[in-house]
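Welcome! Please take a look at the sequence and the model below before reading on.

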Protein chains: 2
Amino acid sequence: MYTETFSQMKKQLGQLDKWLGTAAEHARGKSFDPIVFPALRLAPDQFPLARQVQICCDTVKLAASYLSGKPAEPQPDTEQSIEELQTRVRSVISYLDGFSAEDFAGAATRVVSQPRWKGEWMTGADYFVQHALPNFFFHLTTAYAILRHNGVALGKRDYLGAQTKRPPAA
Amino acid sequence: MYTETFSQMKKQLGQLDKWLGTAAEHARGKSFDPIVFPALRLAPDQFPLARQVQICCDTVKLAASYLSGKPAEPQPDTEQSIEELQTRVRSVISYLDGFSAEDFAGAATRVVSQPRWKGEWMTGADYFVQHALPNFFFHLTTAYAILRHNGVALGKRDYLGAQTKRPPAA
């Protein structure tokens, strides 16, 4: 199920790209500079939109890297505009395009650790379900919530994207 | 991975229960009535906290039911207080406690449909990853965001809960 879940996360990044585009259009329609958006936040001590997008991107990129053993280039978190954030999102979509089911064959039993865990580690299976998955959706949904709270016209369909629904039985 | 993911969603419901408790404490500390919280929302045309919690609960309950074939009692969405929302959350945790790995043995190939899909259907595998999982985390994180936006002291650790980290190698 790693492959299917990464495929879903890649789809969600595509939706995030669209929400950012909708936000930029919204700003132009209201005659304010879209550069306002990346600094908006829901609480003074919560990360702003730009950081939510960056962490969302890094969460899935690092998860794919840790669970496959394939390297991932660090990205410096310097994005300041909507367009730069979209470029960041698209870079991770491209990165995920380079994976296939075989890359995740041994994912569940890999040893995963992060520098700030001070030597502690998780199995790949635990790391994916307990850390990567909830964190990814946390930052994705928080980005959506910041836009929604600030008047961008988004709805559940924009969140979910296309679903593989099949036609009624004849 | 159905079992592991439902286990994670159950853990997240336990965290949601705690956030609601923290919100009630916050209200009492500030001398306002906690009944204010369930009606709060991030945008005038987005569901308030109570509905976010109800949909979050129903999403995982119905997913477990659809993917196992085990029945689930409908719940009428009448909760108005923090305590009633906590009771709803706990009822779903109890419901999930009744499942084991065998219940999800045939989940991936089940035919899943909902009344409003007008006969369209999804495979269990597609439904879980494309619909249930992203919807669950959407409503969970939106509930968190509403509380966070309104001053409740929550952080990422409260969101994630305990993780199965293992000690450094000797």
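## Before you start

This is a predicted model, in which local features need pLDDT of at least 70 and side-chain atom pairs count only at pLDDT 80 or more, while totals for chains, interfaces and linings use all residues. Residues are numbered from 1 along each chain as its sequence is written, chains are lettered from A and ligands numbered from 1 in the order in which they are written, and side-chain values use heavy atoms, leaving out hydrogens and water.

## Chain A as a whole

Chain A contains five helices and two strands; helices (H or I, at least four residues) and strands (E, at least two) are DSSP runs, numbered from the N terminus. Their order along the sequence is α-α-α-β-β-α-α.

The C-alpha trace of chain A spans about 55 × 50 × 25 Å along its principal axes.

Of the 170 residues in chain A, 52% are buried, where buried means under 20% relative accessible area, exposed over 50%, and partly exposed in between (1.4 Å probe, protein chains only). Among contacts in chain A between residues at least 6 apart in sequence, 71% join residues at least 24 apart; a contact means heavy atoms within 4.5 Å.

## The nonpolar core

A nonpolar core is a set of buried Ala, Val, Leu, Ile, Met, Phe, Trp, Tyr and Cys residues joined through side-chain atoms within 4.5 Å. The largest one here has 104 residues, and those touching the most other members are Phe6, Leu13 and Leu16 of chain A together with Phe6, Leu13 and Leu16 of chain B.

Gln15(A) sits in helix H1 (residues 2–29) of chain A and counts as buried because its relative accessibility is 8%. Its C-alpha atom is separated by 6.5 Å from that of Asp158(A), 143 residues apart along the chain. Beyond residues up to four places away in sequence, Gln15(A) touches Arg157(A), Asp158(A), Tyr159(A), Leu160(A) and Gly161(A).

Gln114(B) belongs to the loop between strand E1 (111–112) and strand E2 (122–123) of chain B. Gln114(B), too, counts as buried, at 8% relative accessibility. Leaving aside neighbours within four places in sequence, Gln114(B) is in contact with Tyr66(B), Tyr127(B) and His131(B).
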